[in-house]
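Please examine the sequence and the coordinates of the model shown below. The explanation that follows them is organised by region.

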Amino acid sequence: MPRDARRAQVLRIAQGLFATEGYHHVSMDDIADHAEVSKPVLYRHFPSKLDLYLAVVDQRGEDLLAAVELAVAPVVSGPVRPGEGRTVVADIVRAYVDFVEVAGESSSLLFESDVTRDAGVREHVERVTSEAARRIAEVLVDVTGVPAASAAMLAASMIAMTQAAATHRYRSPDGPGPAEAADLISRLAWGGVAGLIRSDFEYEDRPRMVDGPTA
C-alpha cells in the first residue's frame, strides 16, 4: 500500500478507536492490530501515540473549519444586506449539525476530548474552536453592528450551544432528525442574535472585513 494511503488508513482506524474507547484505553498495539500493520511501520508514520492522536484531532479540526468557512462565505465575500444574518446563522448551525452527523463519535475528539488536561492537546483543540469563533464573530459584527469584543462572546456562546445540541441530536436517534434539529437550533440562535441588532445599523455599504473584526 502506498505510504499516503497507509497513513490515511491508520488515521481512520485510530480515529474510531480514540472516539469510542478514549485516548488512555487505546494502545499503539491496538491500533497496529486493527490496521493490520507492524508496530515498526506504525511508528514510521507516527513517532508516538500522542503524535497520532494530535494528527487525528487536526484532521477533524480541518473538516470542521472548512464547514464553517463555507457557511460564512456568503457574507464574507460580498456586501451585507438586511435579513442575510438569519440565513448565515442557520448555515453555521447546519455546518455543525452536518459535521457531527458525518464525524459521528469522532466529533467528541474536538468537543469532549478526554486528554485536554495535556497542554499540547488542549492547544490543538482550542485552536479549532478559537478560529471558528473568530470567523463567526466577524460575521456577527457585520450583521448586528455590535462591538468586536461582544461579537466574540456571542460567537463562543453560539458554538457551545450548537456543539452540545448537535451532539445531543446525534446520540438521540428517537429525537428530531438532522434537518429539523438544525432548524430548531438556528431559530433559537437567531432569536437571540436578532435582538441585538442596532436599530440604526446600516448594512448595504459596509466594507468587507478581511483580517478580523474591528469595533
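The model is predicted. Its largest nonpolar core comprises 64 residues, and Phe-18, Ile-31, Leu-52, Tyr-96 and Ile-136 are those with the most contacts inside it. At least two residues of this core come from each of α1 (3-21), α2 (28-35), α4 (49-76), α5 (84-103), α6 (108-111), α7 (119-144), α8 (148-170) and α9. The greatest contribution is that of α4, which supplies 12 residues. Around Phe-18, when neighbours within four places in sequence are left aside, the contacts are Tyr-23, Val-26, Ile-31, Lys-49, Leu-52, Tyr-53, Val-56 and Leu-109.

At the N-terminal end, α7 is capped by Asp-118, one of whose side-chain oxygens lies 2.8 Å from the backbone nitrogen of Gly-120. Just after the helix, Gly-145 adopts a positive phi of about 85 degrees.

Is Ser-186 buried or exposed? Its relative accessible area is 7%, and because the limit for a buried residue is under 20%, Ser-186 counts as buried. Apart from neighbours within four places in sequence, Ser-186 is in contact with Val-89, Ala-90 and Val-93.

Note on methods: Residues are numbered from 1 along each chain as its sequence is written. This is a predicted model: local features need pLDDT of at least 70, side-chain atom pairs count only at pLDDT 80 or more; totals for chains, interfaces and linings use all residues. Side-chain values use heavy atoms; hydrogens and water are left out. Buried means under 20% relative accessible area, exposed over 50%, partly exposed in between (1.4 Å probe, protein chains only). Contact means heavy atoms within 4.5 Å. A nonpolar core is a set of buried Ala, Val, Leu, Ile, Met, Phe, Trp, Tyr and Cys residues joined through side-chain atoms within 4.5 Å. Helices (H or I, at least four residues) and strands (E, at least two) are DSSP runs, numbered from the N terminus. A polar contact is a pair of N or O atoms within 3.5 Å; within protein, one must be able to donate a hydrogen and the other to accept it, and residues adjacent in sequence count only if both atoms are side-chain atoms.
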